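Let's take a walk through a protein model together. Have the sequence and the 3D view at hand, and look for each residue as we come to it.

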Amino acid sequence: ASVRQRLASKTGFVGELSEGKYYRVISYYGRALIDTEAVGGDMRTQPIDANDISQYWTLIKDGDKWKFENVLTQRLLLKQTTTSAPFHTTTKENATKFNLSVSSVVTQLPGDGWDYTWTINFPDDSRGLHDSESQGHNVVLWSTNAAASVWQFQECEVSQQAIDDARAKLS
């Protein structure tokens, strides 16, 4: 195994994505992408908490694009068209397809294991998801050339019981 593969096996950060797996989507600031739509909030990041099911996502392959489904809310990421405006989630019927590509941003990233970094943007737009520290870590539409527009996918194990319990509390 290569050094990258061994590192990925220890950190959980992956360079290939698959359907049917659970991922935590980690921002440049080491914070997890969450869906706060169920409580009327904007898309944001928060400190990593293994017990918070809202921090876990599954990916749905659609041609060569991907849709993001939140494990807790079962809502999918919706396209944002206004620069600096926060993202939201929606029902399956209205979900947006995203490009996922290995980031070309050259920057000193914090922490260990930042070998596999991604940008998340739309097929027709160079802007994408960005963890806006100046907006209280809302996730907003911004240029994918910015360091805070770089993301990692950390593969995680989540029990169906933990998911069911969290969904029961949500409803």
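We will visit a hairpin, a residue inside a strand, and then some salt bridges.

First, a word on the ground rules. This is a predicted model, in which local features need pLDDT of at least 70 and side-chain atom pairs count only at pLDDT 80 or more, while totals for chains, interfaces and linings use all residues. Residues are numbered from 1 along each chain as its sequence is written, and side-chain values use heavy atoms, with hydrogens and water left out.

Start with the hairpin that strand 10 and strand 11 form, with five residues between them. (Strands are DSSP runs of E with at least two residues, numbered from the N terminus.) In the turn you can find Gly136, which has a positive phi of about 70 degrees. Strand 10 covers residues 127-132 and strand 11 covers residues 138-143, and the two pair in the antiparallel sense over six bridges. To count as a pair, two strands need at least two bridges found by DSSP. Across this pairing, Arg127 stands opposite Ser143 in strand 11.

Now move to strand 4, residues 56-62, where you will find Thr58. Is this residue buried or exposed? Thr58 counts as buried because its relative accessibility is 16%; the cut-offs are under 20% relative accessible area for buried, over 50% for exposed, and partly exposed in between, using a 1.4 Å probe and protein chains only. Which residues surround Thr58, leaving aside its neighbours within four places in sequence? Thr58 is in contact (heavy atoms within 4.5 Å) with Lys21, Tyr22, Lys67, Phe68, Glu69 and Val71.

Our last stop is the salt bridges, of which the whole structure has seven. Here a salt bridge is a side-chain nitrogen of Lys or Arg within 4 Å of a carboxyl oxygen of Asp or Glu. One of them joins Asp62 and Lys97, at 3.7 Å from N to O. Asp62 lies in strand 4 and Lys97 in the loop between strand 7 (88-90) and strand 8 (99-102), so this pair ties together parts that are 35 residues apart in sequence. Asp62 is partly exposed at 25%, and Lys97 is partly exposed at 38%.

Another salt bridge links Asp64 and Lys65, at 3.1 Å from N to O. Asp64 is exposed, at 56%, whereas Lys65 is buried, at 16%.

Finally, return to Arg127, which forms a salt bridge with Asp125, their closest N and O atoms being 2.7 Å apart. Arg127 is partly exposed at 22%, and Asp125 is buried at 15%.

How values were computed: Helix = DSSP H or I, 4+ residues; strand = E, 2+ residues; numbered from the N terminus.
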